[in-house]
Structures are given as C-alpha cells and as structure tokens.
Amino acid sequence: MIMQPDILSREETFLLGEYELPRLFNGLWQLSSNSWGSAPAAKIRRQMATYAENGYTAFDMADHYGSAEILFGEFRQNWPHPEEIFGATKWCVFRTVEPTRAQVEAAVNERRERMKSERVDLLQFHWQDYDHPGYLTAMHHLRDLQREGKISLLGLCNFDTIHMDEICTELGPGSIVSNQVQFSLIDMRPLSMMAEVCHKHNVKLLTYGTLCGGFLSDSWLGKEEPDLYSGSLTPSQRKYLDMIVKAWGSWSLFQSLLSLLRSIADKYEGTSIANIATRWVLDHSFVGAVIIGVRMGVSEHTDENRKVYGFRLSADDRAAIQGVLLQSNGPELIRTIGDCGAEYR
C-alpha cells in the first residue's frame with residue numbers, strides 16, 4: 001500500500017529559545033575544503049538565496065569552515081528581510097588555553113564581524129580537552145557576553161553527556177539550548193545517555209552525519225563496497241565508510257539496511273532512502289533539527305529534502321529498522337568509541 005505524505009504541512013519547525021526554526025538546517029562545512037567541489041562566491045550566495053526561498057532559512061557554520069561565515073554574512077546582509085535568516089556558528093578551542101574574558105570576547109567579535117551581525121544568533125562552543133577545566137570559565141564569559149547582547153543563544157558542539165550535564169547545571173536552566181552531535185541509523189550513541197539529559201535540561205540536539213556522507217541514500221543501494229582510499233570518495237565518505245565497516249558492522253549488513261529503507265520508502269510516495277533515514281532521526285523528541293550538508297554552488301537538493309516533511313514512520317517501520325540495527329554493533333558504539341564527540345578527542 002502506497003501512502004500519500006501529508007502535504008498540508010510543507011515545513012516542520014521547532015522552538016530554539018525564542019526562534020521558530022525549520023527542522024532541516026543547511027550545513028556549510030563543505031565550504032571548508034575544495035575536496036567537496038568549489039564554486040565562485042557569487043554562485044554560492046545565489047544558491048543560499050535559493051535555499052532560503054524554499055524555506056531552508058537556518059544555516060550552520062563554524063570559525064574553521066573556510067569563508068562560510070563571510071559568504072553567509074554577505075548573503076544575509078543583502079536578503080530583503082535579514083531577520084528571516086538564522087545563522088548558527090561555532091567557536092572551537094582545539095588547543096589548551098586559559099580563556100580570558102578578552103580572548104573569548106575577541107572570538108565572539110570575530111564571528112559577528114565575519115557574519116556582519118550585531119549579535120550571533122546561535123554560538124556553539126567546542127572544547128577539545130576535558131582534562132583542562134577552562135571550558136567552564138569560557139562558558140561563563142560567553143554567558144556574560146550573551147547578557148550584553150552579543151549572542152542570542154548559546155549551544156554546545158560535540159560535548160559528551162557528562163560534560164553537557166555539568167555545564168547546563170553550572171549555568172542554570174535555559175542557559176544552553178542545543179548540542180550539535182553525530183546521530184544516525186549507524187551512530188545511535190545519543191540514545192544511550194544523552195537523550196535523558198537533553199530532556200532534563202530542555203536541550204535540543206542539532207544532528208550531523210545523519211546521512212553518513214551520502215551513504216544512506218539510493219545511490220549506494222546494490223553497490224559494491226568502495227575502496228576506502230579511493231580518490232572518488234569525499235573526506236566525509238571516508239570517515240563514515242570506516243565507521244560502517246569497522247565499527248558498526250559490515251558492508252553486507254549495510255546493504256540489508258539500505259534494502260529495508262528502500263522498501264519503507266516505497267510505502268510513502270516519492271520518498272527516498274535519505275528521507276527515511278532523516279525521518280528516523282527527526283522522530284526522536286530530543287532532536288531539534290538535522291543538519292544536511294549542502295555543496296553550495298555545486299549541487300542542490302531542496303525538493304528532495306522537503307519530502308522529509310509531512311509523514312511519520314509507523315510502528316511497523318520502526319520495528320523493522322530496529323530488527324536490522326540489532327544485528328549490528330550500533331548499540332555497542334558507546335562502549336567501543338565512547339560517548340558523543342569522543343572520536344574528536
């Protein structure tokens with residue numbers, strides 16, 4: 001039986017602080033390297049406008065994503081209604097530092113200048129070394145800058161459950177609105193501990209890696225396992241292929257998962273494997289939005305992505321998916337890899 005997706009709701013939204021945002025964000029990490037392809041700046045800005053015109057008005061970027069913040073700022077500045085466009089960026093501390101007020105403020109001011117904005121809509125903080133307690137000092141400085149109007153919302157990026165709980169408790173209710181972590185049918189670690197702490201502190205996850213670099217798509221159904229060192233794979237694909245075949249399970253089991261997702265997609269007219277994989281993540285109440293990587297100026301998938309909206313997976317769908325996932329090592333990743341973000345430390 002083919003089910004017609006509910007077209008009455010063309011867009012799903014959620015509340016993040018005072019902002020009502022779409023549940024699909026545009027991820028700009030692919031602007032950090034030409035490995036994903038490149039395009040002229042003007043073409044990238046035009047494509048940002050195309051996404052916004054189609055309702056994809058939230059953009060995620062970082063201090064180390066090449067010129068992403070600059071291009072976003074130029075695009076939003078020229079958009080007819082800049083207040084409609086939401087910019088989430090990050091301040092990432094990869095080395096051990098003593099975060100003074102001056103250092104933290106300089107980092108925030110740089111984000112504001114590059115994004116051409118009086119304040120950062122969402123500043124997501126990443127701290128590399130948990131052994132150094134400076135992350136709490138940095139968070140207090142960020143909270144002060146938020147009170148001064150330089151930041152609207154504060155979030156985290158790749159913090160594990162224990163440290164997210166610590167920061168939320170230290171800063172108080174409502175201080176942290178989000179944590180950006182990896183979550184997919186392959187990487188289910190947020191289900192182990194983080195979901196409970198998200199509900200405890202009313203934190204929403206902004207998830208990336210949901211399509212595993214494009215492996216969770218129709219284009220890989222029935223294909224042979226690629227060579228990990230093939231020059232045809234993007235950096236993201238090399239990362240996720242390694243996780244699929246070395247940590248999660250095998251290429252054969254992954255093909256079984258893709259086949260199942262295709263059969264489920266056939267029940268919902270016009271949907272794809274990627275839609276079903278995305279819907280599975282969105283159907284978790286602690287998830288605010290899925291960040292879909294976009295190759296601005298290189299390719300465009302606004303119509304396909306929109307099909308995620310307007311339907312829910314049935315209990316039978318979820319049970320069938322769970323049946324395949326239980327054959328994998330997915331439930332054990334929390335032990336073999338560590339909690340969310342552990343692979344970056």
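Let me start with the salt-bridge network: E12, R23, R279, D283 and R312 are linked in one. A salt bridge here is a side-chain nitrogen of Lys or Arg within 4 Å of a carboxyl oxygen of Asp or Glu. The whole structure has 25 salt bridges by that search.

On provenance: this is a predicted model, where local features need pLDDT of at least 70 and side-chain atom pairs count only at pLDDT 80 or more, while totals for chains, interfaces and linings use all residues. Residues are numbered from 1 along each chain as its sequence is written, and side-chain values use heavy atoms, with hydrogens and water left out.

D317 pairs with K267, with the closest N and O atoms 2.4 Å apart. This pair links distant parts of the chain, 50 residues apart: D317 is in helix 11 (residues 315-325), and K267 is in the loop between helix 8 (251-265) and helix 9 (273-282). Helices are DSSP runs of H or I with at least four residues, strands are runs of E with at least two, and both are numbered from the N terminus. How accessible are the two partners, buried or exposed? D317 is buried, at a relative accessible area of 2%, and K267 is partly exposed, at 22%. The cut-offs are under 20% relative accessible area for buried, over 50% for exposed and partly exposed in between, with a 1.4 Å probe and protein chains only.

The other two pairs each sit within a helix. D144 and R147 form a salt bridge at 3.1 Å, N to O, and lie three residues apart in helix 4 (residues 134-147), about one turn of the helix. D144 is partly exposed at 30%, and R147 is exposed at 58%. D242 and K246 also meet at 3.1 Å, N to O; they are four residues apart in helix 7, about one turn of the helix. D242 is partly exposed at 30%, and K246 is exposed at 59%.

Helix 7 brings us to the pocket. The largest pocket has a volume of about 1100 Å³. Of its 42 lining residues, the closest to the centre are W29, Q30, G213, S236 and G293. Helix 7 gives the largest share of the lining, five residues. By type, the lining has 18 nonpolar, 20 polar and four charged residues. Ala, Val, Leu, Ile, Met, Phe, Trp, Tyr, Cys and Pro count as nonpolar, Asp, Glu, Lys and Arg as charged, and the others, Gly among them, as polar.

The method uses a 1 Å grid over the protein atoms alone: a cavity is a set of points where a 1.4 Å probe fits but cannot get out, a pocket is an open set with protein on both sides within 12 Å along at least five of seven lines, and lining residues have an atom within 4 Å of a point. Grid points are joined across faces, edges and corners, and a volume is the space filled by probe spheres set on the points.

How many cavities of 30 Å³ or more does the search find? One. The largest cavity holds about 30 Å³, and its lining is C168, G172, P173, G174, S175, I176 and H201.

Last, the hairpin. Strand 1 (residues 13-16) and strand 2 (residues 19-22) run antiparallel, joined by four bridges; pairing requires that DSSP finds at least two. F14 has L21 as its bridge partner in strand 2. Between the strands are two residues, and G17 takes a positive phi near 60 degrees.
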